[in-house]
Amino acid sequence: MKNLYNIDDWKDVSCHRLGEILLEAGKINLFHLSMVLDVQRFQKIPMGEIFLSMKVISKKDLNQALKVQKFIQKRLENA
């Protein structure tokens, strides 16, 4: 499990999908992810908004996960 608030924990990660980041950080479980993916099949709502409405994660966790996502994407682009 990686610490969502320690960017150094994410230097060796290649997954940059929000759900995978939250899962790896222990903020959600596979059941939560499955529920959100089911909702997204029928409604075009961003994953983070669904998690927030389910009260599974906090706004602070979502914002940090998005920062981690950008960090991973930039690192992969520069590799």
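The protein exposes about 5,300 Å², of which carbon and sulfur atoms supply 53%; accessible areas come from the Shrake-Rupley method with a 1.4 Å probe, and for residues only the protein chains shown count as cover. The model is a predicted one, in which local features need pLDDT of at least 70 and side-chain atom pairs count only at pLDDT 80 or more, while totals for chains, interfaces and linings use all residues. Residues are numbered from 1 along each chain as its sequence is written, and side-chain values use heavy atoms, with hydrogens and water left out.

Of the 79 residues, 32% count as buried (under 20% relative accessible area, with exposed meaning over 50% and partly exposed in between; 1.4 Å probe, protein chains only). The C-alpha atoms fill a box of roughly 35 × 20 × 20 Å along the principal axes. A compact globule with 79 residues would have a radius of gyration near 12 Å, and the protein agrees with this at 12 Å (taken over C-alpha atoms; the globule rule is 2.2 Å times the number of residues to the power 0.38).

The protein has 4 helices and 0 strands, in the pattern α-α-α-α along the sequence. Helices (H or I, at least four residues) and strands (E, at least two) are DSSP runs, numbered from the N terminus. Among contacts (heavy atoms within 4.5 Å) between residues at least 6 apart in sequence, 53% join residues at least 24 apart.

Leaving aside neighbours within four places in sequence, the contacts of Trp10 include Leu4, Ile21, Val68, Phe71 and Ile72.

Helix α4 deserves a look of its own. Asp61, Leu62, Gln64, Ala65, Val68, Gln69 and Ile72 of α4 are buried. These residues cover an arc of only 165° around the axis, so they lie on the same side of α4 (the arc is that of the directions from the helix axis to the C-beta atoms). The buried residues of α4 pack against α1 and α3, whereas Lys59, Lys60, Lys67, Lys70, Lys74 and Glu77 are exposed on the other side.
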